[in-house]
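The following exercises are to be worked through with the sequence and the coordinates at hand. Each task is followed by a solution in steps.

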Amino acid sequence: MATKIPVTVITGFLGSGKTSLIRHLLQNNQGRRIAVLVNEFGELGIDGELLKSCQICPEDEADGNNIYELTNGCLCCTVQEEFYPTMQELIKRRDSIDCIVIETSGLALPKPLVKAFRWQEIRNAATVDAVVTVVDCAAVAAGTFASDLDAIASQRQADDSLEHETPLQELFEDQLACADLVVLSKTDLVDADTKSQVESLVKQELPRVVKIVESDRGQLDPSILLGWQAAVEDNLDSRPSHHDTEEDHDHDDEINSTHVILDRTFDPEKLQQQLESLVNQQEIYRIKGFVSVPNKPMRLVMQGVGNRFEKFYDRPWQATEARQTRLVFIGRDLNSKEIESQLLTVEC
């Protein structure tokens, strides 16, 4: 039997840096033929577009498309409908693929996905090489996933029945519990003491000894991410989840995604100011997308986590594509009409 295709699952909360990590991996693949499966939360695919612009993956269909996008819901909920047929297609191409990388949505649980590799049709051809969990150090330090960095351990010891965990915090913990490797991102945004606090918090949530590494804008050597040979699907019992006793699991129904597509240009600084205002008005966790800038031949990538924004030009606009501004918003109970109306007030 041919060697199983190794599959690396990259998980982590919204905006933690998963796409940057995979983009760097593709650009520094060291000769590996890597296929990527991207699962986005919402209908408008942004991460897949960013990966395709890495200038490494073939865009010619005759050469084989190596980026697969799934946008019909969190992969942990759509394993049969979305994941299985895509994996079947990849398995057919196993002679031209050295490894597969799966980027889960920021709201996905990794364990239901890994369980799918126990299905006979998949386990004979592929294995989960490792689960890599990306943690936004600055976001955790700001209290996004924990009520208090110093007090969380003593709280639990004092009262085991204390119901202080939010669904988002449970998701954060489940993503850590399944990890073979934890990547701390955005460490340049915090000081040494805060980084040490976050690392201690992460270690508390890990059920076993797991390597923790830092990443500057996703720039990790591929040898750190690939080649673990962990066969994760065979040792899931050592990776506890909040949902282990449930036949099914629920996401927070109030968390939703919306997007705007506008046939106009924006001044990047004025647009960012308006987006920051929107974040303060609504509970927006993540903003990402492409912006058309006046008199610029390049496409601007804009990404935001809370009030932190970054922007860069990734590639020239292609002659065959519309120069539109396309932005995705992920948050709790978002008012999409208000978002679009406020963006339309931004001066060019």
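**Exercise 1: Glutamine 175**

Glutamine 175 counts as buried, at 1% relative accessibility; buried means under 20% relative accessible area, exposed over 50% and partly exposed in between, with a 1.4 Å probe and protein chains only. The model is predicted, so local features need pLDDT of at least 70 and side-chain atom pairs count only at pLDDT 80 or more, while totals for chains, interfaces and linings use all residues. Residues are numbered from 1 along each chain as its sequence is written, and side-chain values use heavy atoms, with hydrogens and water left out.

Task: Determine in which helix glutamine 175 is found and which residues it touches.

Step 1. Glutamine 175 belongs to helix H8 (residues 167-177); helices (H or I, at least four residues) and strands (E, at least two) are DSSP runs, numbered from the N terminus.

Step 2. Not counting residues up to four places away in sequence, glutamine 175 touches Thr11, Gly12, Phe13, Gly106, Ala108, Pro110 and Thr133. Contact means heavy atoms within 4.5 Å.

**Exercise 2: Serine 238**

Task: State whether serine 238 is buried, partly exposed or exposed, and identify its contacts.

Step 1. Serine 238 is found in the loop between helix H10 (222-225) and strand S8 (255-262).

Step 2. Its relative accessibility is 32%, so serine 238 counts as partly exposed.

Step 3. Leaving aside neighbours within four places in sequence, serine 238 is in contact with Pro207 and Arg208.

Step 4. Between serine 238 and alanine 177 the C-alpha to C-alpha distance is 8.6 Å, with 61 residues separating them in sequence.

**Exercise 3: Aromatic pairs**

Task: Find how many aromatic pairs the structure holds, and classify the pair of phenylalanine 83 and phenylalanine 117.

Step 1. Rings of Phe, Tyr and Trp (its six-membered ring) pair if their centres lie within 6.5 Å; planes under 30 degrees apart count as stacked, over 60 as edge-to-face and the rest as tilted.

Step 2. The structure holds three aromatic pairs. For phenylalanine 83 and phenylalanine 117, the ring centres are 5.5 Å apart and the planes stand at 50 degrees, so this pair is tilted.

Step 3. Phenylalanine 83 lies in helix H3 (residues 79-92) and phenylalanine 117 in the loop between helix H4 (110-115) and helix H5 (120-123), so the pair ties together parts 34 residues apart in sequence.

Step 4. Both phenylalanine 83 and phenylalanine 117 are buried.
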